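Hello,

Here is the structure I promised to pass on to you. Have a look at it first, and my notes follow below.

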Amino acid sequence: MACQLLEGKKGIIFGALDHKSIAWKIAERAYEQGASFTLSNTPVALRFGEINRLSEKCHSEIIPADATNVSDLEHVFSRTMEIFGGKIDFVLHSIGMSMNVRKGRNYDDLDYDYFLKTIDVSAVSFHKMLQVAKKMDAINDWGSILALTYIAAQRTLVGYNDMADAKSLLESIARSFGYIYGREKNVRINTISQSPTKTTAGSAIKGMDGLVDFTDRMSPLGNATADECADFSVVLFSDLSRKVTMQNIYHDGGFSSMAMSLKAMTQYNKSLDEQV
Ligand SMILES: NC(=O)c1ccc[n+]([C@@H]2O[C@H](COP(=O)([O-])OP(=O)(O)OC[C@H]3O[C@@H](n4cnc5c(N)ncnc54)[C@H](O)[C@@H]3O)[C@@H](O)[C@H]2O)c1
């Protein structure tokens, strides 16, 4: 793509783990579109080392941080402002983790310490990020902050477990903080509700392969890929979406508006016939 939608924009991208990560694709696309940014992830994630390739490709410094730790976040914002010599324009929160999912604990048998960790890592970390950014006055007027979410916040999907609760809170934080940050600083905050995507976090969800196939068949445009999510994120970071804030925007090929498709109806009728 020849255009430079993010020319001169500076930001922070949280959550690129490996080349499959949605944040990785967003970083690549943002760089192609002229943005400069720092990358952040946990010290454990950084030890895998793959992010170094992204850092070299995008000429981005990596700043380690646990996103649940406020002083780590303060360091990420202050170091980023130091590198760029002032305020920044965009932030991506692409972070999610559930120990209940990882350990196979079902929703009616949750470990509550894990549950609180899920909420802290996957949702409250977004509030912490926003609060740190606002207190440090780190974001330029008309800056754009994005977090990634999933439709399990609105509709029950088997296997998504306590991450559904975390995503509901995440989306609510985008609205509640979006009002204050918009009113006081013209900073916009949105969430993108992305199709199921085979990444490290995505693959932890029970029945992921079946879910990806189901949503692909149910969506008139098919599932949205991580690359397509990157394209859309660039638009939301750009000045072309200046008046979009406090929104949860479905990026899912139309899945969120479907209840029954022609293909599903045909399959359903066939199965019924087979049972007779
Ligand atoms: N993959 C999907 O199907 C899908 C669909 C919709 C939304 N999402 C969301 O997209 C986001 C990115 O996930 P992904 O699918 O690219 O998987 P991923 O595993 O590549 O990314 C998750 C990231 O969260 C980071 N992380 C975990 N704990 C952290 C902490 N305490 N502090 C900082 N970072 C931490 C991990 O290191 C990793 O980089 C998540 O919010 C996820 O819920 C994913």
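The largest nonpolar core holds 64 residues, and I13, A16, A23 and A27 have the most contacts inside it. Such a core is a set of buried Ala, Val, Leu, Ile, Met, Phe, Trp, Tyr and Cys residues joined through C-beta atoms within 7 Å; buried means that 20 or more other C-beta atoms lie within 10 Å of a residue's own, with C-beta atoms placed from the backbone. Helix α7 (residues 163–185) supplies the largest share of this core, 7 residues.

This is a predicted model: local features need pLDDT of at least 70, side-chain atom pairs count only at pLDDT 80 or more, and totals for chains, interfaces and linings use all residues. Residues are numbered from 1 along each chain as its sequence is written. Helices (H or I, at least four residues) and strands (E, at least two) are DSSP runs, numbered from the N terminus.

Now to helix α10 (residues 226–237), where A226, C229, A230, S233, V234, L236 and F237 are buried. Seen down the axis of α10, these buried residues fall within an arc of 160 degrees (taken from the directions from the axis to the C-beta atoms), so they line one face of the helix.

Enjoy exploring!

Conventions. Buried ≥ 20, exposed ≤ 12 C-beta atoms within 10 Å, placed from the backbone.
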